[in-house]
Amino acid sequence: MRTGGLALYGRRAECARIDTIITRVGTRSGAALLLTGEPGIGKTALLRYAHGHSAGVRVLSARGVPAEASLPFAGLHELLRPALGLLPRIPPRQAEALSAGLALSPAADVDHLAVAAGTLSLLTAAGAEKPLLVIVDDLELLDPTSREAVLFAARRAGDDVGMLLSSATGHDAALPAHPITPLDPDDGLEMLRATGRRRIAPGVAAQLVAETGGTPLALLEVIEVLTEGQLTGVEPLPDPLPAGPLVLRAFGPRLEALSAERRLALLTAAAAGDLGLAPVLAASSLLGVSPELLTDAASEEFVAVSRDRLIFRHPLLRAVVYHAAPVAQQRAVHRALAETAPSRLRPRHLGAASLAPDEAAGDELERSAAGGEPLEAQEAARLMERAADLSGTGGVQARRWVAAAELWQLAGASGRCQGLLDRAGRLTLDLRVHAHAQVVRGRSERRRGRPAQARHLLDREAARVHGTDPAGAVTLLLDAAEAGCLADDTRAALAAIHRARALGGRAPGPLPVVTTAVHASVLARCGDLTGARALLDGCRGEVERVLLGDRLPTGWRGTAWVAYPALLARLGLFGAAGALLEEAILRARQRGTTALLPGLLVERAQVSTRIGDWDGAHAAAAQAAELAGRTGQDTDLAGALVCLARLAAARGRRAECTGFLDHARRLLRPGRYDGLEPAIAAVEGLLELGAGDFETAYLRLERLAAKVEAGGAADHGRTAWAADFAEAAARLGRPGRARRLLAEAGRHAGGSAELPAILARGTALLATDPVFAEALRGGPEDPFERARTELCFAEWLRDQGRDGEAAAHSATAATVFERLAADPWTARARSVTTGCPKPRGTGEGEPMAALTDQERRVTELVGRGATNREAAQALFVSTKTVEFHLRGVYRKLGLRSRVELAVLMGRSGAAPQGGPGPAD
């Protein structure tokens, strides 16, 4: 909430109580309230709020200061100084004691009770003149004599005085207390956004709120010291979080009051992180610290024992304990923890304990990062980078930095990755290291929406190293083939994959079989589904066994993880693709491979769309878009946007669809990611088909068809848009190019489980004597595509006068469309029955509602007397298009001539020009 220029988040209840206190003071019915909570929780901000909302009320205020805690009556001096002119109005003995305590008059001894009573009397006198609000912040830091007097007055204040106090403790104040709770994640995120200075990812904000205990002061301090990559989630947050100067100052006194031995024991617990209790106690013993110091009553203010773990009572205490310790002491503690930690956590502490150079420690960290127990990508990257830091030679260090860069890239921290690659390049001329670095650079370029640049870079590097490092060259070429597909350069993609297979056949291990799978994927994306299926059948089981291994998907695994499920989907194997994607997504989340998640989620959205789970598809695509946008992966972001656009198009949501496509096009500036243009054109064609604008749909898809015919575009399987083009062409009477496209697609469709049925629908629509049986026999699995085939069959049956059969098929289609919320298609399916020819004289209201927007426009123009040619010019379409729409209008409205159409539109008299039929 924002009030009076002060922004307070998550504090509505507290502000309401403060408002009540101020209102009661103004109406001469005073009250007292003690706000309690940890340092930095927002007590001071609430008292400032009270001060800012105390119009019409006199305010006396003071604040506890550690530097004055040993000065008797220092706090009272600050609080009462503005009201000392009222001393003559209070009882003389109290005035004398108060004057003596505040050093206003000489006195041998000061009666503390008289001072406390005098404080109450002076505040009462001030309140009699004007309603009085007393504000005391950090009560526990006041000198003891002042604290006694303030609490004495607060417990006895009359109607003219309101008291607002704050304290980190307050359990012995005997006053109404209101504990200030931590901010919840939503309020914390809102507060962080309101700063306006740094961009913070929602997930990072939630983590910061959790790790600072929802403490506003700590949140505001920590975002000033974190990097842009850490705040946006591209880089990991440090553990523990850094403690700012105000946080150190707020919590420091508690720590300074402890003995050195106890501070060392707490440092061991703070450095341990998620280690269990037993390793921490064992490490304490190695450091010569009694383990009992962590579990006795004196330590309970800092830590608690929960089962087999030590938990700091406030997350900030851990940060303060750790960062307040000398660096040498931190290293000693980590060294002890490395000796007692489980094997999977030992490397983390070993790295923190070691000083460069330390080859033995570096070797152990590299082994752990590269192939030890399963680790998250960020943890593996940290270990590999630390291993590089500990290296004694430049070549080893460069190799480890490149390996760390790949792991950081896999974790989604592309910014950190680039810096490591630059450092490595200055240290070595080793061709293998350089090739590995180029693989990482190429993936970065590809994910950022620059696949053409990535392909050139990878191709050149493969040519350089194929003689000395065949396996490295294969990895480079697999990525080059993927980049070629994304750049819409099918020739280059196929050339790269053929070179990879020639080299990979001699490589050891699973690389040859994975190369075969990527080859199949490239063929599928180039439209050769039959060839892709033939390759897949020979390697499917082995590929899946390799991809689902426990190691992080670095090297060629990173390419195949997304390419292989996409291949299964293009072949119509949706069940297998969906199961593999679920497993891959689960493993990606477990391993923290953030860079792979957007691509996997886009593929899941594609599969969910094709099996009729449109809500699930929308959720997956939206999640992919959010994650890709946060990590700067423009390629996956564009893919997710096109998925969302297709769903919007099928549901007739034009503005939403156009918005998604416009955003995708901004990402795909010419020369960047041309491979997605066919998908964008297909979505636009589907949108116009749903709206009944067959002319525009034909134009959108004709350009794509011409480009495919000329060999200038990858058609990505021609799964849906070829049939869409055929439908638009059939409606307009322009079958030529559509027939050629369907015939060419059919030659390569045999490898797909669903494409032949979809192509059969297009063929039937273009046929003189359509046969829809093949299109409905056994497929496709996609319920939307099958319902569209039912609809096309129903429309043909209606035109043949077989209304009963048409109604059955249209009802089947409508049921599916309704479930998918595909509103334009539902309306079209319903119109098959409502738009069947009716007896003459049928009312005009309901039939007119069955017309499409374009049919209504044609009806209005022709009904007012326009010829077909004039109507075509007015609508910027062809004369054949007008003829087509007129035939639909006559059929739906039960009309036989232009005269009847003119009468329906409100005209009378002679027939309009053009004769009785729909043609000129």
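## Contact range

In this predicted model, 68% of the contacts between residues at least 6 apart in sequence join residues at least 24 apart. That share refers to contacts within the protein chain.

## Secondary structure and overall dimensions

The protein chain holds 47 helices and 9 strands. Along the principal axes, its C-alpha atoms fill a box of roughly 125 × 80 × 45 Å.

The radius of gyration of the protein chain is 38 Å, whereas a compact globule of 920 residues would have one near 29 Å.

## Burial and surface

Of the 920 residues in the protein chain, 56% are buried. The accessible surface of the chain comes to about 36,700 Å², and carbon and sulfur atoms account for 53% of that surface.

## R587

R587 sits in helix α29, which spans residues 574-591. Is R587 buried or exposed? Its relative accessibility is 16%, and because buried means under 20%, R587 counts as buried.

The side chain of R587 also makes a polar contact, at 2.7 Å, with the side chain of E583.

How values were computed. Residues numbered from 1 in each chain as written. Predicted model: local features only at pLDDT ≥ 70, side-chain atom pairs only at ≥ 80, totals over all residues. Heavy atoms only, no water. Helix = DSSP H or I, 4+ residues; strand = E, 2+ residues; numbered from the N terminus. Buried < 20%, exposed > 50% of the residue type's maximum accessible area, 1.4 Å probe, protein only. Polar contact = N/O pair within 3.5 Å; in protein donor to acceptor, adjacent residues only side chain to side chain. Rg over C-alpha atoms; globule rule 2.2 N^0.38 Å. Contact = heavy atoms within 4.5 Å. Areas by Shrake-Rupley, 256 points an atom, 1.4 Å probe, with all protein chains shown as cover.
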